[in-house]
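Hi,

Here is the structure I promised to pass on.

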Amino acid sequence: MKKVAIIGGGIAGLAAAYALEEKGENIEYTLIEKDARLGGKILTETHDGFLVEGGPDCFLSEKPSVIKLAEKIGLADSLIGTNDEFKGTYVYSGGRVHALPEGLMLMVPTKIVPFALSPLISWPGKMRMALDFVLPRKKDDDDETLHNFVVRRLGREALDKIAEPLIGGIHGGNPETMSLKASFPRFLDMERNYGSLIRAMLAARRRSPAKRPEGSGGKPGTYFMSFKNGMGELTDALEKKLGGRILKGKEVVKVGRSGTHYQILGDGFGEITADAVIFALPAPEAAALIRGWDAASADILEETPMASSATVSLAFRREQLPFSPASFGFLIPHVEQRKINAVTFSSIKWNYRMPDEDSVLLRTFVGGAKNSHLACAGEEEILHWVKQDLKSILGISSNPVMSRIHRWIHARPQYTMGHLERLHRVEQRLKSLPGFYLAGGCYRGIGVPDCINDGMNAAENVMRFLHGTRE
Ligand SMILES: Cc1cc2nc3c(=O)[nH]c(=O)nc-3n(C[C@H](O)[C@H](O)[C@H](O)COP(=O)(O)OP(=O)(O)OC[C@H]3O[C@@H](n4cnc5c(N)ncnc54)[C@H](O)[C@@H]3O)c2cc1C
């Protein structure tokens with residue numbers, strides 16, 4: 001029997017373990033997780049009958065790995081879509097909440113009339129966005145920041161009011177430092193192939209007009225999807241499917257190499273010897289464990305900037321709110337200088353999130369790459385800021401009946417300029433370490449679907465290596 005150690009029990013480590021479980025002939029694996037629970041950043045809790053997501057609350061359905069995995073592990077019936085009768089993205093600007101104009105795809109307008117009528121962008125701002133039709137395409141192939149790209153193609157107002165809140169919200173990122181190639185290669189292709197983002201989006205629309213995303217078993221899905229019992233239902237179900245050795249609450253403190261083997265040492269489990277190892281760890285944690293035998297890779301991994309953010313979930317009785325929520329929520333651009341950067345009406349966006357129809361569940365976000373320091377403040381202070389902003393923006397002055405804060409300190413990887421080169425350099429170095437693989441949200445995609453793919457690919461590579469078929 002060949003032995004594999006998987007270090008880290010987030011979704012990437014769990015996906016790797018599941019792939020070995022499914023296809024790893026003559027392979028025994030041990031998954032080691034330092035926390036008492038598996039799931040990592042996927043963290044679902046129930047408080048007073050409210051389903052609270054501490055980390056991700058959904059996944060993008062156009063990337064099929066989550067749905068495929070859910071079907072395999074018997075979760076197809078638990079998949080849920082958003083309540084799209086309340087769909088629509090809103091942006092808080094100049095003291096009011098505005099709907100993003102109908103037809104806006106990512107950040108690109110594709111319908112003239114709703115865009116022209118939208119009060120969100122000023123007339124000069126709209127004219128500037130329309131210049132995208134005639135501006136020449138970029139000549140060289142060099143990477144640039146998302147900030148530069150959006151200002152170059154669509155202008156500053158589109159950046160501040162649309163791109164920054166939309167994209168900052170998804171990545172917890174800062175457009176001023178984000179690499180376009182690493183984060184949004186699709187935009188680059190659009191400019192390269194069509195010379196204009198608007199033309200590219202219009203062409204995409206013509207090719208697949210208003211196509212609904214696919215859910216499970218060919219049933220229609222929604223753009224964002226989740227599970228009845230929250231994202232944690234996925235990691236809980238995966239855990240139940242694993243027949244390998246699972247060590248929880250055990251931190252790996254050292255990984256060494258001797259001959260062709262890896263020795264994994266940790267708190268409370270002595271030493272494990274493995275023929276191959278998967279580090280399903282964030283870059284800083286991976287760097288700390290690699291440093292002993294490959295300081296250069298550790299240095300490169302440590303260059304990955306990690307932002308901090310907090311999710312703050314608050315529940316109210318319906319009568320405590322001076323309005324009746326009827327959308328998924330809204331984004332707050334950085335230029336508005338608020339402490340919170342988005343509000344999600346979780347109980348409108350999803351079913352199965354509250355104990356009764358008279359309750360409302362909200363989720364707000366503090367921090368992210370532009371404001372990481374805010375997420376590092378004390379919980380009381382964060383809660384105070386959130387209540388202050390909810391009062392001044394939404395007029396909510398009552399105390400919530402339930403509140404929960406989840407802080408993610410130095411935990412949100414930023415794909416900044418140079419990310420792809422750094423990754424390439426690490427991958428080149430790791431080729432000289434037979435049987436060693438890196439997986440997870442710090443490397444080839446931050447979303448849950450990307451992490452599943454990355455964990456499964458790492459497991460495939462391990463199997464090829466152990467069975468002597470590595471190219
Ligand atoms: C607030 C927030 C909201 C998000 N929203 C979304 C969203 O809506 N949709 C989406 O697709 N993605 C979202 N993401 C991103 C996504 O959740 C993550 O990229 C993904 O879950 C990362 O999985 P992972 O397995 O790579 O890492 P992690 O989940 O970080 O797992 C790594 C594991 O390694 C363990 N570990 C670390 N060091 C050691 C050690 N020495 N020994 C043993 N174990 C160790 C950790 O305890 C952890 O469990 C969000 C992330 C956050 C923080």
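How many residue pairs are in polar contact across the interface of domain 2 and domain 3? The rule finds two, both at pLDDT 80 or more. A polar contact here is a pair of N or O atoms within 3.5 Å; within protein, one must be able to donate a hydrogen and the other to accept it, and residues adjacent in sequence count only if both atoms are side-chain atoms.

Before going on, some ground rules: this is a predicted model, where local features need pLDDT of at least 70, side-chain atom pairs count only at pLDDT 80 or more, and totals for chains, interfaces and linings use all residues. Residues are numbered from 1 along each chain as its sequence is written, and side-chain values use heavy atoms, with hydrogens and water left out.

The protein chain is assigned domain 1 (2–41 + 233–304 + 416–466), domain 2 (104–207) and domain 3 (306–413); such bounds come from an automatic or database domain assignment.

Back to that interface. Domain 2 and domain 3 bury about 790 Å² between them, with 60% of it on carbon and sulfur atoms (buried area is the accessible area, 1.4 Å probe, that two parts lose on being put together, summed over both). Of the area that domain 2 buries against domain 3, Glu164, Pro165 and Gly172 supply 46%, more than any other three residues.

The two domains also share one salt bridge, meaning a side-chain nitrogen of Lys or Arg within 4 Å of a carboxyl oxygen of Asp or Glu. Elsewhere in my notes, I have lysine 370 and glutamate 176 joined by a salt bridge between their side chains, at 3.5 Å from N to O.

Now the ligand. It has 34 residues around it, and the closest are Glu33, Lys41, Cys58, Ile446 and Val448 (near means a heavy atom within 4 Å). Cysteine 58 also has a polar backbone atom 2.8 Å from a nitrogen atom of the ligand. For valine 252, a polar backbone atom is 3.0 Å from a ligand nitrogen, and for lysine 34 a backbone N or O atom lies 3.1 Å from one.

Cheers
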